[in-house]
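My entries follow in the order I made them.

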Amino acid sequence: MEITRCGWCEKDDLYRKYHDEEWGKPVFDDETIFEFLVLESFQAGLSWYTILKKRPNFRLAFDDFDFEKIALYSTEKVEELMLNEGIIRNRLKILATINNAQKFQEIQLEFGTFSQYIWSFVDGKPLVNYPQTLQDVPATTEISDALAKDLKKRGFKFLGSTVMYAHMQATGMVDDHLVDCHCKKKCG
């Protein structure tokens, strides 16, 4: 039996696995949310496929996305990362990741968890859209605009509205599976 998926993920098994097992599924734990923030910030200007292929390398290079460790990275660690061919070697994005880990912890102190903070933008539950085609899926929304603006005000970097909408999709804050996608059908 043929499985119908969102058209963007038909490239290969890596994309299909990500689509079927992760994309659009609600994530409430801070560790995974931070991982996606890092990956999405590195994706800016690149394809998500490039990031997915390098994800295991990112995981190794960035201490399993441990934001407490990343917040303490030294200049020497930055230079080590700049030499790591397995990741995207963009100094500004590496420095932004360290900065964002520090800001992430500040939000945890203020809200209890980063999850409580970020999910408050959608009242704690996923927004379910019913796009017929990929062209029906927006790149940004008023909510992603507001979230990006608030993050910027709090000192985060490389997390503009487009990046944040992609993050909202990845972490299930928004369900943008196409109406005929088997994942949409599973979610009801």
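**Pocket and helix packing**

I began with the lining of the largest pocket, where H9 gives the largest share, five residues. I noted before going on that this is a predicted model.

Entry on the pocket. I looked up its volume and found about 400 Å³ of space in the largest pocket. I then went through the lining, which consists of 16 residues. Nearest the centre of the pocket I found Trp8, Trp23, Trp48, Ala166 and Gln169. Helix H2, residues 30-43, and helix H9, residues 161-170, each supply at least two residues of this lining. Sorted by class, I have eleven nonpolar, three polar and two charged residues around the pocket.

Entry on H8 and H9. For the geometry, I read an angle of about 115° between H8 (residues 142-153) and H9, with the axes 8 Å apart. H8 is therefore roughly perpendicular to H9. I also noted that the crossing of H8 and H9 is right-handed.

Entry on H1 and H3. I turned to helix H1, residues 13-21, and helix H3, residues 48-61. They pack at an angle of about 90°, and their axes are 10 Å apart. That makes H1 roughly perpendicular to H3. From H1, I wrote down Leu14, Tyr15 and Tyr18 as the residues making the contact. From H3, I wrote down Trp48, Tyr49, Leu52, Lys53 and Arg55. By class I have six nonpolar, no polar and two charged residues in the contact of H1 with H3.

Entry on H5 and H6. At what angle do the axes of H5 and H6 cross? I read roughly 135° for helix H5 (residues 75-82) and helix H6 (residues 91-111), whose axes come within 10 Å. H5 and H6 are therefore oblique to each other. I recorded their crossing as right-handed. Val78, Glu79, Leu81 and Met82 of H5 meet Arg91, Ile94, Leu95 and Ile98 of H6. My class count for this contact of H5 with H6 is six nonpolar, no polar and two charged residues.

Key. Residues numbered from 1 in each chain as written. Predicted model: local features only at pLDDT ≥ 70, side-chain atom pairs only at ≥ 80, totals over all residues. Heavy atoms only, no water. Axes fitted to C-alpha atoms, helices over the stretch in contact; angles between N-to-C directions. Helix = DSSP H or I, 4+ residues; strand = E, 2+ residues; numbered from the N terminus. Parallel < 35°, antiparallel > 145°, perpendicular 65-115°, else oblique. Left-handed = near helix turned anticlockwise from the far one by under 90°. Contact = heavy atoms within 4.5 Å. Nonpolar A, V, L, I, M, F, W, Y, C, P; charged D, E, K, R; others polar. 1 Å grid on protein atoms, 1.4 Å probe; cavity = no way out; pocket = protein on both sides within 12 Å on 5 of 7 lines; lining within 4 Å. Points joined across faces, edges and corners; volume = space filled by probe spheres on them.
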